Amino acid sequence: MESSKTLTAKTGNWIEENSLTKYELTLNQNANIYRKLVGNYVNLVNHSTLPNENKESAKLESHLPEFKFPTLSNHYDIVQKKFSKKVQRWQGVVTKFDNSTFEARLKDLTNGGTDEIAILEINDISPEDKELLSVGAVFYWSAGYHMDNGQIYKRSDIRFQRLITLDSEEFESALNNVDILLAKFKPRDFDNDASLNK
Amino acid sequence: MVLERESYNLGIVLLGSFNPVIITPQWLFNKKIIRETESETAKIELIHPEITRFDLEWVSVQITTDRVEFRSKRESDIETLRDLVVSIFNVLKETPIDAFGINHNCHFSLRSTTEYINFGYWLSPVRQFDTVMQDPRLLKVEYVENIQNDNSKGMFRLTITPSDLILDHKSVVFSFNHHFQNTDKQTSSFINTLISNWSESITKVNSICESIWNQAKL
């Protein structure tokens with residue numbers, strides 16, 4: 001697809017189109033990457049320590065591995081037609097739990113509004129997520145319809161958050177920065193502050 | 001008239017300098033970013049220093065040396081996708097990132113083919129070509145924001161085309177690219193910008209869709 005440019009009203013200059021964050025690689029670009037991969041492989045064979053008679057007599061194509069390049073589709077699963085529709089999403093925080101249920105405060109991610117309290121079944125949690133169940137744990141709950149190969153079905157998912165944020169070094173550094181900033185605040189004597197007694 | 005969205009999915013694209021062989025399903029599990037079964041059942045198409053591509057059940061990942069793309073397969077997993085990207089680049093915190101985009105795809109179905117055609121006529125004065133083209137129709141229209149100085153909120157580009165997901169000849173897809181330049185190329189800046197603009201990006205997409213359907217003459 002050719003890039004387009006847009007005239008700005010203020011300066012009269014053409015602004016450059018954003019490069020590449022909006023489209024995935026075109027089929028041509030994918031093919032170029034694969035040609036380069038194959039080319040690199042052929043170069044390796046040519047510069048390898050194979051005896052010359054082997055290089056000359058052997059057809060290089062026969063040395064190439066049987067390799068089926070994957071087709072990098074530019075689309076979602078269009079042929080299989082997999083997509084979700086009419087989905088309601090919540091973000092929840094666990095407030096308490098027992099052996100069979102857990103209570104959570106839910107924030108509606110689809111429509112906004114006030115938070116809600118819900119009691120959900122422990123059995124609705126995937127086995128590998130159960131180890132993440134604790135008070136304060138964050139999870140995402142979605143409910144809606146899903147299209148899969150022409151069949152519509154209802155689906156409800158609970159998935160606990162797996163988020164890597166600060167490591168211990170960064171956390172300590174952040175705490176140190178707080179201490180440094182706090183030290184800049186001088187204690188104020190409200191009883192003897194003349195400016196307050198005017 | 002505001003049409004109900006038929007399908008919505010989201011992708012995140014990053015531009016920078018990457019090593020494709022690092023981010024693999026096994027690596028993601030080792031870092032506790034995904035479940036073990038997800039790493040075991042991942043569909044790996046290729047892992048190579050030039051390009052890596054694999055699918056988990058809920059996300060497609062494609063990495064080249066200068067571009068990374070994560071694409072959710074379901075609307076229910078868009079927050080998980082964000083967490084995945086944040087976690088990866090909190091681990092790979094030395095990765096230089098030049099720019100990134102949040103890409104939203106919203107698919108709508110109109111009620112009839114007539115409305116679908118009229119929507120095209122409303123978007124663009126196609127009928128003025130009636131005398132020189134045979135029954136001209138609109139195939140694609142693209143709008144871009146003109147924000148030059150303030151990059152903190154990013155810049156939207158909207159493309160409207162026939163839907164490639166709902167093939168009933170009366171559906172359209174609004175493809176939004178919310179683009180950000182990462183001027184200092186720091187991973188931490190990218191993460192902060194992504195997190196702070198995430199909700200607003202989704203809200204703005206919804207607002208634009210609602211505005212279009214409220215104004216469209218079908």
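Residues are numbered from 1 along each chain as its sequence is written, chains are lettered from A and ligands numbered from 1 in the order in which they are written. Because the model is predicted, local features need pLDDT of at least 70 and side-chain atom pairs count only at pLDDT 80 or more, while totals for chains, interfaces and linings use all residues; side-chain values use heavy atoms, with hydrogens and water left out.

Chain A contains four helices and seven strands, where helices (H or I, at least four residues) and strands (E, at least two) are DSSP runs numbered from the N terminus. Of its 198 residues, 26% count as buried; buried means under 20% relative accessible area, exposed means over 50%, and partly exposed lies in between (1.4 Å probe, protein chains only). Among the contacts in chain A with a separation of 6 or more, 43% are made by residues 24 or more positions apart, a contact being heavy atoms within 4.5 Å. The accessible surface of chain A is about 14200 Å², and carbon and sulfur atoms hold 53% of this area. Such areas come from the Shrake-Rupley method with a 1.4 Å probe, and for residues only the protein chains shown count as cover.

Two strands pair if DSSP finds at least two bridges between them. A hairpin of three residues connects β2(B) to β3(B), and Ile44(B) stands opposite Phe54(B). Strand β3(B) is also joined by five bridges to β4 (residues 59-64) of chain B, again in an antiparallel arrangement. Here Thr52(B) has Ile63(B) as its bridge partner, and a hairpin through three residues links β3(B) to β4(B).

In a regular strand the side chains alternate between the two faces of the sheet. In β3(B), Ile51(B), Arg53(B) and Asp55(B) point one way, Thr52(B) and Phe54(B) point the other way, and all are buried. Together with Val21(B), Ile22(B) and Ile47(B), Ile44(B) forms a nonpolar surface patch with about 280 Å² of accessible area. Patches are made of residues with over 30% relative accessible area and no salt bridge, like charges being joined within 9 Å and nonpolar side chains (Val, Leu, Ile, Met, Phe, Trp, Tyr) within 5 Å.

The loop between α2 (36-40) and β2 of chain B holds Ala42(B). Ala42(B) counts as buried because its relative accessible area is 16%. Setting aside residues up to four places away in sequence, Ala42(B) touches Pro25(B), Asp55(B) and Leu56(B).

Attention now turns to the interior. A nonpolar core is a set of buried Ala, Val, Leu, Ile, Met, Phe, Trp, Tyr and Cys residues joined through side-chain atoms within 4.5 Å. The largest has 54 residues, of which Leu14(B), Phe70(B), Leu84(B), Ile88(B), Phe89(B), Phe119(B) and Phe174(B) touch the most other members. Helix α5(B) supplies the largest share of this core, nine residues. A second, separate core has 15 residues, including Ala104(A), Leu133(A), Phe139(A) and Phe160(A). Phe119(B) is one of the buried residues of helix α4 (residues 113-123) of chain B. The elements that cover the buried residues of α4(B) include β7 (141-144), β8 (155-162), β9 (171-181) and α5 (187-215) of chain B.

Finally, the structure holds 24 salt bridges over all chains, each a side-chain nitrogen of Lys or Arg within 4 Å of a carboxyl oxygen of Asp or Glu. In one of them, Arg162(A) and Asp129(A) have their closest N and O atoms 3.0 Å apart. Arg162(A) lies in the loop between β7 (151-160) and α4 (168-183) of chain A and Asp129(A) in the loop between β5 (116-121) and β6 (138-148) of chain A, so the pair ties together parts 33 residues apart in sequence. Both residues, Arg162(A) and Asp129(A), are buried. Another salt bridge joins Arg53(B) to Glu45(B), with 3.2 Å between the closest N and O atoms. Arg155(A), Asp157(A), Glu57(B), Arg74(B) and Asp77(B) are linked in a salt-bridge network.
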